[in-house]
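Me: Please take a close look at a single part of this model, the place where the two protein chains meet, and describe it in one connected account.

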There are 2 protein chains.
Amino acid sequence: MKIDPNNPADLSAQIAAAIRDAIIAGRLIVDERLPSEAELAENFEVSRPTVREALKRLAAQSLIRTQRGAFGGAFVNRLSFEDAYNQHITTSTLLLGMNGVSFDTACEARFALERACAALSAERRSADHLATMRAEALRQAQPGLSDEAFCASDVAFHRALVDGAGNPVMSYQLAGAVEAMQPLMNMITFTARDRAEIVRLHSGIADAAEARDGDAVAHILTELEAYTKTLAQSVFAARAQASGTDSTAR
Amino acid sequence: MKIDPNNPADLSAQIAAAIRDAIIAGRLIVDERLPSEAELAENFEVSRPTVREALKRLAAQSLIRTQRGAFGGAFVNRLSFEDAYNQHITTSTLLLGMNGVSFDTACEARFALERACAALSAERRSADHLATMRAEALRQAQPGLSDEAFCASDVAFHRALVDGAGNPVMSYQLAGAVEAMQPLMNMITFTARDRAEIVRLHSGIADAAEARDGDAVAHILTELEAYTKTLAQSVFAARAQASGTDSTAR
DNA sequence: GATTTTCATTTGTCAGACATTTAATTGTCT
DNA sequence: AGACAATTAAATGTCTGACAAATGAAAATC
């Protein structure tokens with residue numbers, strides 16, 4: 001593994017890329033210990049701080065973990081599903097938030113992907129998944145719930161539906177789509193009437209899942225998508241009108 | 001923004017988390033300049049190398065970019081779709097590779113999600129998307145193609161199909177599912193007969209997309225999923241038998 | 001044999017310095 | 001006055017050297 005000192009890119013970035021490539025290509029395997037920082041510095045012909053910056057880059061992606069003390073060092077990390085979830089959610093959230101993605105676009109993608117889980121989830125969901133869906137739907141019907149808590153419960157409900165498919169890869173992919181929507185959903189204030197309708201649809205999904213009717217689940221998800229979009233539209237319309245009558249309009 | 005020097009976690013990790021949270025929460029907005037490293041070091045009451053390690057962590061996630069020179073510094077980065085794609089693909093690839101995810105599980109997730117794009121893509125695909133699909137199917141029919149080139153073309157074909165849906169969020173999500181499969185697909189050696197069948201199915205998908213028949217696209221994708229699984233199964237069966245007769249069996 | 005102590009190794013952090021890049025500023029010439 | 005060149009200040013990139021803290025192995029002790 002060599003780096004080019006004449007490359008305009010940071011040395012630490014080059015070193016990180018070299019090690020990352022080695023991990024992805026399988027030349028470094030899980031739990032393998034990397035050379036110590038001093039040895040890496042010697043190998044790459046850079047100073048120790050530079051090596052450290054490279055290692056921190058890798059640590060930020062959960063590619064390595066470090067341990068202090070004798071026989072410590074940097075080890076190739078087994079990327080856990082949880083770590084992957086969190087990274088995916090962070091990236092997805094920022095992607096939506098920073099690129100002016102419209103609510104409709106995000107919503108369309110999210111429900112399209114979730115419908116992809118409907119058939120599998122209806123077929124395979126355990127009693128546990130069903131119980132979680134019922135419990136969350138019940139919670140959502142409680143009157144004193146804050147909008148944030150309502151949204152959080154909404155995420156938990158859909159998560160249970162997705163997890164019901166019993167495919168961890170799908171759960172991982174959907175985590176990004178579902179959770180990244182939350183900041184957008186939090187912009188909506190749900191009236192009691194809105195909540196009642198959502199709970200009705202959620203209950204319908206739970207019923208269909210109980211009956212192992214994947215088509216019905218998908219169908220209700222489509223209804224929920226449409227309802228969510230109209231809700232958002234009315235919120236945005238009201239906001240546009242409000243900003244049109246005050247001085248902060250642009 | 002403060003950090004806890006008694007926290008067992010690395011100071012640089014704490015600082016990175018504090019800044020990351022500020023970005024996600026919108027307290028730091030796109031293209032805003034962070035204080036210089038020296039100022040950050042003073043604010044957080046740590047040394048400059050520690051601040052730098054924190055900034056490198058954020059740079060690894062494309063959350064900031066740095067610029068040298070006067071009026072340079074660290075700026076909050078607008079996470080581009082391309083950056084997000086690449087991070088997502090890296091994470092997905094490692095997740096599949098390091099956690100013993102079975103070919104069937106990954107394959108099921110990938111095709112389920114891709115079917116979610118079928119209807120939208122059939123409805124919205126441009127002439128360009130269709131042309132790309134046709135071109136890639138044609139390339140795949142060429143005799144001299146290496147297995148790697150065949151797989152790469154396969155990815156390009158499906159990418160065109162997904163992009164046809166005209167939803168960048170969906171393209172982003174699917175990128176992880178489709179591209180992360182490539183290392184697994186590369187383990188398969190495609191015979192001429194296999195390739196012919198895949199090309200036939202790809203052509204069918206292109207035909208259905210041309211006819212704007214989403215159901216047909218989804219149906220052929222299901223066929224392709226089944227065919228891919230049987231291909232993989234025969235490869236793994238052959239490999240298992242081979243390893244059963246040699247000394248490296250475990 | 002079990003427990004405690006010592007010790008070498010390795011990462012975490014710091015201080016200070018110099019090199020390099022970059023754009024605003026200043027100076028100079030036409 | 002305007003265009004171009006030199007200067008300069010500010011910032012990141014990198015290096016050296018040092019010490020602190022953690023940690024497991026080995027040695028010493030009971």
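Reply: The copies meet through the same surface, since 95% of the interface residues of chain B are also interface residues in chain A. Two residues are taken to be in contact if their C-beta atoms, placed from the backbone, lie within 7 Å. The model is predicted, so local features need pLDDT of at least 70 and side-chain atom pairs count only at pLDDT 80 or more, while totals for chains, interfaces and linings use all residues. Residues are numbered from 1 along each chain as its sequence is written, and chains are lettered from A and ligands numbered from 1 in the order in which they are written.

Chain B contributes 43 residues to the contact and chain A contributes 41. On the side of chain B that touches chain A, the elements giving two or more residues are α1, α3, α4, α5 (103–124) and α8 of chain B. Helices (H or I, at least four residues) and strands (E, at least two) are DSSP runs, numbered from the N terminus. The residues on this side of chain B comprise 24 nonpolar, twelve polar and seven charged. Here Ala, Val, Leu, Ile, Met, Phe, Trp, Tyr, Cys and Pro count as nonpolar, Asp, Glu, Lys and Arg as charged, and the others, Gly among them, as polar.

Two helix pairs within this contact can be described in detail. Helix α4 (residues 81–98) of chain A packs with helix α4 (residues 81–98) of chain B at an angle of about 170 degrees, and their axes are 10 Å apart. Axes are lines fitted to C-alpha atoms, for helices over the stretch in contact, and angles run from 0 to 180 degrees between N-to-C directions. α4(A) and α4(B) are therefore roughly antiparallel to each other, a term for angles over 145 degrees. From α4(A), Phe81(A), Ala84(A), Gln87(A), His88(A), Thr91(A) and Leu95(A) meet Phe81(B), Ala84(B), Gln87(B), His88(B), Thr91(B) and Leu95(B) of α4(B). By class, this contact of α4(A) with α4(B) has six nonpolar, six polar and no charged residues.

The second pair is formed by helix α8 (residues 168–179) of chain A and helix α8 (residues 168–179) of chain B, whose axes come within 10 Å and cross at roughly 170 degrees. α8(A) and α8(B) are therefore also roughly antiparallel to each other. In α8(A), Gln173(A), Gly176(A) and Ala177(A) meet Gln173(B), Gly176(B) and Ala177(B) in α8(B). The contact of α8(A) with α8(B) has two nonpolar, four polar and no charged residues.

The relation between the chains accompanies this picture.

Chain A itself has eleven helices and two strands, and from the N terminus on its elements run α-α-α-β-β-α-α-α-α-α-α-α-α. The C-alpha atoms of chain A fill a box of roughly 65 × 55 × 30 Å, taken along the principal axes.

The elements giving two or more residues to the surface near DNA strand C include α1 (11–24) and α3 of chain B, where a residue is near a strand if its C-beta atom, placed from the backbone, lies within 6 Å of it. For the surface near DNA strand D, α3(A) gives the most, with three residues.

Technical notes: Parallel < 35°, antiparallel > 145°, perpendicular 65-115°, else oblique.
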